[in-house]
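Subject: Structure handover

Hello,

Here is the structure for you to look through. My notes on what was found in it follow below.

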Amino acid sequence: MKKILTFLTILLLSLGLVGCNSNSTTPDTGSNDSTDTDGGNTDGGNTDGGNTNHNAKLESYSYTFKNGDLNKEGGTTEALSGLKWTYGSSPYIKFDSVKGFQIGSSKNNVKEISFETTFPGEGIIKDFSIELSVAKSGNSNYIVSFGDYTKTDSFTNTTVEAKEQFDLNVKANSFKLTLKSEAMALYLKSISFSIEHEGDWGISADTDEITPNPGQPVEPGKNGVAATKFKLVSIEEYYKNTDLTLTKNALKAELNTLVSNMTGVSYGDSRYMLLYTDEDIKNPGKLNGIYEGTLFDPVWDSGSTWNREHVWACNRMQIPGEQERPDNSTIGHTSDLHNLRVSGPSINSSRGNKGFDNTTHGEFFFPNQNNGVDYRGDVARILFYMYIRYNSLNLDETVGNNTIGKLSVLIKWANEDKPDEFEKRRNNRIFEYQGNRNPFIDHPELVNQLFA
């Protein structure tokens, strides 16, 4: 199923049916998260359909390294998601559950180490992603090479960050990653790529990254799920210095001051935070997909299974001086967890960059795509939060650069579909990462005070 979803996502991208901003193109920088469709907001990524062999199949290889995979002596690993990796020796190897393998230390610096795998035959590599970080300070470089392609770039980030390249169409029979370090130590967490080929190679995405036993509750700080940053406080404590009796502009200013006191997270880190924030209430160990109510395994596989949906579509948030299209290093309005929801690739594509109304037509989208679920209030409260948090955004009856329409409908939705236990718990869990809350979930009456 993951392979089919990956193929469909890339096909839709090639047809231009989804996009963070369908009227713009993304520079070939190697940092765009093009498989992360979000808010109907897919960040680039068109395959070269003219050269595609329609008898071939597209597979996504993804492997997150686990304790015991590597050792100081180097050599060849066991098959990891279907491929064996040959790698060099290192005087120091240590495993970290969040960052992956630490290579080198302050006393045992590793100047260069390579990881290489050979495919069963020739294929066409479409994209790749590697997750890297350094221990403390110092510049390091990575070199990715396959076929006649070589990509060299530096990294200095101390938190795990994906280094990616999309829009490729390179023939290759192997994949090689070389790390050159000037830092005290570096970390390698994962290697992923999509490859089109004929025959059965037996490679696959790593489906055991987060929940080797599906159905077990998601725990932050374990199995790749991001660790929390803030200790949860009571609702009363959070609002103790805020006057919620104000009206209109005074209330908006008061709420803006409150929710703006937050610690932003990166768009890359959001992948491993949504695993916790969007866990379903009734089905522990599953993620709640917005609009359809589809349940997903809490595993990040480069967007093949689920995407990061911007409820306030990112190209409807053109804030002066801020980056419109997020990459994984972005921290700002496009990475705010309150506005990001897990969603399936297909429904994410259908939503596109449309605003919200009671029916899906033209430039509007109705959030309830399954009769058994109601996401109207969820959507409305997310949009109300974004409106008070980011001053450049507006809510009225239209869809435009910084509007997402229709305010009258959103008010009605919020009043008819009150916050449920999932929404309340998600609000708590986002606080544990960002240190701020959505007031319209905690105090639904604020909707009418501010907007009616």
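Helices (H or I, at least four residues) and strands (E, at least two) are taken as DSSP runs, numbered from the N terminus. On that basis the protein chain has 10 helices and 17 strands. Please keep in mind that this is a predicted model.

Two figures describe the chain as a whole. Of the 452 residues in the protein chain, 57% are buried. Among contacts between residues at least 6 apart in sequence, 73% join residues at least 24 apart.

Helix H6

H6 covers residues 376-389. At 1.5 Å a residue, its 14 residues should span 20 Å, and this agrees with the model because the end C-alpha atoms are 20 Å apart. As for cover, 14 of the 14 residues of H6 are buried.

H6 against H7

H6 packs on helix H7 (residues 407-416) with the axes 8 Å apart and an angle of about 120 degrees. Angles of 65 to 115 degrees count as roughly perpendicular and those over 145 as roughly antiparallel, so H6 and H7 are oblique to each other. The crossing of H6 past H7 is left-handed.

On the H6 side, the residues in contact are Arg 376, Gly 377, Val 379, Ala 380, Arg 381, Leu 383 and Phe 384. They meet Leu 407, Leu 410, Ile 411, Trp 413, Ala 414 and Glu 416 of H7. By type, the residues of this contact between H6 and H7 are nine nonpolar, one polar and three charged.

The buried residues of H7 are Leu 407, Val 409, Leu 410, Ile 411, Trp 413 and Ala 414. Besides H6, these buried residues of H7 pack against strand S16 (355-356) and helix H10 (446-451).

H4 against H8

H4 passes H8 in a right-handed crossing, whereas the crossing of H6 past H7 is left-handed.

From H4, Tyr 272, Met 273, Leu 274, Tyr 276 and Thr 277 take part in the contact. Their partners in H8 are Phe 422, Arg 426, Arg 429, Ile 430, Glu 432 and Tyr 433. The residues of the contact between H4 and H8 comprise seven nonpolar, one polar and three charged.

Regards

Key:
Residues are numbered from 1 along each chain as its sequence is written. This is a predicted model: local features need pLDDT of at least 70, side-chain atom pairs count only at pLDDT 80 or more; totals for chains, interfaces and linings use all residues. Side-chain values use heavy atoms; hydrogens and water are left out. The expected span of a helix is 1.5 Å times one less than its number of residues. Buried means under 20% relative accessible area, exposed over 50%, partly exposed in between (1.4 Å probe, protein chains only). Axes are lines fitted to C-alpha atoms, for helices over the stretch in contact, and angles run from 0 to 180 degrees between N-to-C directions. Angles under 35 degrees count as roughly parallel, over 145 as roughly antiparallel, 65 to 115 as roughly perpendicular and the rest as oblique. A crossing is left-handed if the near helix is turned anticlockwise from the far one by less than a right angle, and right-handed if clockwise. Contact means heavy atoms within 4.5 Å. Ala, Val, Leu, Ile, Met, Phe, Trp, Tyr, Cys and Pro count as nonpolar, Asp, Glu, Lys and Arg as charged, and the others, Gly among them, as polar.
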